[in-house]
Amino acid sequence: MTVIGKAIPRVESKDKVTGVARYTNDTQSPGHLHGWLLTSPHAHARIQYIDYAAALQVTGVHAVVTGADHSVLVGSGLADRPPIAKGKVRYYGEPYAVVVADNEHIAKEAARLIRTGFEPLPVVNSPSSALRAGAPLIHENLASYPKTNEVHPVPGTNIGNHVKIRKGDMQAGWALSEVVVEDSYAFNTSDHSAMEPRCAIVEVKPDGTVEIETSTQDPFTMKRFFQRFFGIDQSKIIVRVPLVGGAFGGKGSVQLEYIGYLASLACGGRPVKVNNTRETDMIGSPSHIGLEARVKLGATRDGLLTAAEITLLFDNGGYTDEGAAVTESAAVDCTGPYRIEHVHCDALSVYTNHPYATAFRGFGHTEVLYCTERAMDKLAKKLQIDPLELRYLNAIQPGDITPTQTLLNHSSVGDLRQCIRKLNDLMQGENVQQVQQDPFKVRATGISCVWKVSGSMIDTGSGATITFNHDGSLNLSVGSIEIGQGNRTAMAQLAAERMNMPVHQVHIKLDVDTQITPEHWKTVASSSTMMVGRAVLDAADDAITQLKHNASVVLNRPPEELVVGGGNVYVKNQPGIYLEIRMLVSGYMYPGGRASGNMVIGRGRYRVHHQKALDPETGKGIPGQQWTVSAHAVLVEFDTRECTYRIMKAASVIDVGKVINAGTAHGQVVGGMNMGLSFASREAFLFNKAGIVLNPQLRTYKITRFGDQPEYLVDFVETPFVDGPYGARGVAESGTIGMPGALANALSIAAGVELNQLPLTPELIWRARGAAHDLF
C-alpha cells in the first residue's frame, strides 16, 4: 500500500497551529443576540419564583426565558429533562433561566438583577443512598416519561435504566469455583475538560426553518431529536458544525441547542448564541458518569475463570440522557476480555443530585473494566499466579461467547494473547512485584487487559460523496465530525489509496452541513473510521467505475480491461495507453468538438448489519460488529513515607485490525492514555453534603499538566476486521480504558494495600494504608 499505514500529517493541522481554524464561537455577527445562563446554587430544590422584571428593564435585554414558558421534556432514551429547569432543580449548576441581550456582557449584568426563590429539598449524594428505602425521589413522575424500547426505568424508584446480563448457570459457576474474590469499587462524577467549551448559535427563520451552528458530535441525531421533541420536520432543520475543539463524548448530547432554540423563539427568531463559560461547561452541561460497583469472580485452583457476578450502580446525576446507554454498554462487556461461562450482571442507571452524565471516552468500559481488572489482580494474588499469566490463560478467543451470548470469530475479536506477548516485550519484563529502589521508594508494574465493542444504533449507517476538479484532484465530503482525532486525514488516506493517487490531491471538507453532507450516525464509539471509511471506499469504487466507463468509450476497450491510478485511466498491462483523469471527470471532449460520457460523482454508503437488540431479561443480543482488545501496563515509583508517586512508564498494545495512519494512531493512543491516567490519578468532582461541587473550575479541578507525563510506549497488532476499511477496527478509546486498572494495580502492589477508589491521590493511599489515625 502506498498511503495506508503511513504517518501522513493531519490535513487541518496547519490551520490549527496558525489560528486560522474556525470554531463555533468564532462565528460573530452584529445581528447575533447572546444568551447568559443562570444556574442553580442548589443540588435539589423547588423553584418558588423567578422575578426577572428588573432584568427586562436593562437596555439591550430582549428576553428572559425560563422553564415555566415551555412544557417539553427531552432526553435521548428517556425524555425526563426540561431544556431549562421547570418546577425544581435536580443538580448544582442546572440552568434555570437564560437572559438574552445584545451582547454577553449586558446579559450577564442583567442576570445579576434576577431574584429567585428556592425551597431546598433533601439531597441524594450517591447511587447507593438513592436506592435505600425512603430515599427522596428525584423524579416523582418517572412512570409518565416518554421512552424508547432500549431504556427500562423502574417507576417509584431512582432507577432510570436497569440492564440485565444473564449467561450460563450461576449456581453451577459457583460450584466450579475453588477460589473466589469479591470487593467493592467507587469513583465520583468528573469532567471531560475539552479545550473548547460548548457553544451553539440557533436561528429560527421566518419560514420555520431552524438553523443551528454548534460544537457537537452528532448533528444528524440532533435533527431527529428536534423533530421528536418539538415537532419540527427534519427538512426544516439545518445543523452546521465547524471544527470541534475536543469532545471525548461530552459533546454527544444535545443541550445548549435546545436552550438556544427557545431563546430564539422568544426573540422573534433572531439568532442567539449560547456560549458556556468554563465553569458552566464543567457543572452545568453533562459530565462523566460516576460509579459504585461490586465484583465477584470465581476460578479453579489452576486459574481458569468460572463465574462472574457484577453489580454496577452508575451515578447518572439528575437526568438519564446518554447515561442510560452508557449503563447498557458497560453491561455488555462487563467481564472484560475473558472467557467466563457463567455471568450475572445488573447495571443500573441511578438518579442522584449530581450533574447529569453523558458519554465519556470508553462509554462505560473505562468505568467497569477498572473494577474487573482490580478483581483480576486480587484473584491472581490469591491464586499466587502472575497477573499477566492469569490474563493470558483466560484471554477471550475466537469461538468464545460474550456476556450477551454473541459468538466471536477471529475477525470480530482479534488476538488478545498477541497483545499480551507484545506488551511483555515492550515492558522488557518489568517485574510486577515491588522492586526496592532505596529505603523509601519502591517500583511496581500494574497490568490490565481490556476490550470494547464498537456498537451503534441498529438502523443506521454512513455516506460519502466524491466530486472532481478539472485538474483531476477530488473533493471528499463525509458526515463524521473532526473533533481532533484526525478523522479527516484518515478519510483522505482511504480515498487516496483506493483511487491510487497522492493524498494531497484529496481535498476533504472539514466542516459538516446536514443540508448537503452525507449522513453519518454519530462521531462516537470508535466507529467513524470503520463506518465512514467503508462509505468512502464505496464512493471511490463508484467513481472508478464511472471513470472507466467514460474512458472505455474513448479507448474502445471494455471497462474491465482498464485501471485507474497515477492520475490516469490506462489499459491493464499497457500503461502507455491511457487518458488523464482530468480529461474524463466531466465526460470526454474530442478534439473535433464532440463529447461523450457523463460527469463523475462518486456516491458511497455503508449500513450497519448483524446487530441485534438486547433481550431485556437476559441481555442476549449482538451489541456490535467488532471488539477491540488490548493489553496495558503502568510502572510507578512510590514513596512509602509521603504516599506520593511518579508514573515512570505507560504502555499500550492494541489490536487495531489495520493501522490507517501511523502518526495519528500513535497520537490517539497516547492521548487516550494521558486521559485515562489523569482520570485515575486526580480527576473527580468534590461534593459536600449538600451536593455542591467544590471544585468547579480548572484552578481546583486538576488535570495532568505539562511535565506530568511518563514515557509512553505504544505498539499494535493487526488482525484484520473483515468488514473494516482495509481491515481497520476502532482504536480511539482503548488507551483511556486500559490505564485506570493498570495504575491502580501498580499502586496497590507498591503501597501494599488494595486501592479500590479513584482518583488515586496520595491522601487516599495514605488513608488506605491506615495512617489516618496518626493525626486524630
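1. Over residues 18-122 the chain is 12% helix and 33% strand, and the end C-alpha atoms of that stretch lie 51 Å apart. Please keep in mind that this is a predicted model.

2. Turning to a sheet, 3 strands in the order β4-β2-β6 form an open sheet with antiparallel pairing. The edges are taken by β4 (88-89) and β6 (115-120), each of which has a single partner strand, so one side of each is left without a neighbour in the sheet.

3. Between β2 (residues 45-51) and β6, which run antiparallel, there are 6 bridges, and Ile-50 stands opposite Thr-116 in β6.

4. A separate point concerns a pair of helices, α16 (residues 662-681) and α17 (residues 734-751), which pack at an angle of about 40 degrees with their axes 7 Å apart. With angles under 35 degrees counted as roughly parallel, α16 and α17 are therefore oblique to each other, and α16 passes α17 in a right-handed crossing.

5. On the α16 side, the contact is made by Val-669, Gly-672, Met-673, Met-675, Gly-676, Leu-677, Phe-679, Ala-680 and Ser-681, while α17 contributes Gly-735, Thr-736, Met-739, Pro-740 and Leu-743.

Definitions and conventions
Residues numbered from 1 in each chain as written. Predicted model: local features only at pLDDT ≥ 70, side-chain atom pairs only at ≥ 80, totals over all residues. Heavy atoms only, no water. Axes fitted to C-alpha atoms, helices over the stretch in contact; angles between N-to-C directions. Helix = DSSP H or I, 4+ residues; strand = E, 2+ residues; numbered from the N terminus. Parallel < 35°, antiparallel > 145°, perpendicular 65-115°, else oblique. Left-handed = near helix turned anticlockwise from the far one by under 90°. Contact = heavy atoms within 4.5 Å. Pairing = 2+ DSSP bridges.
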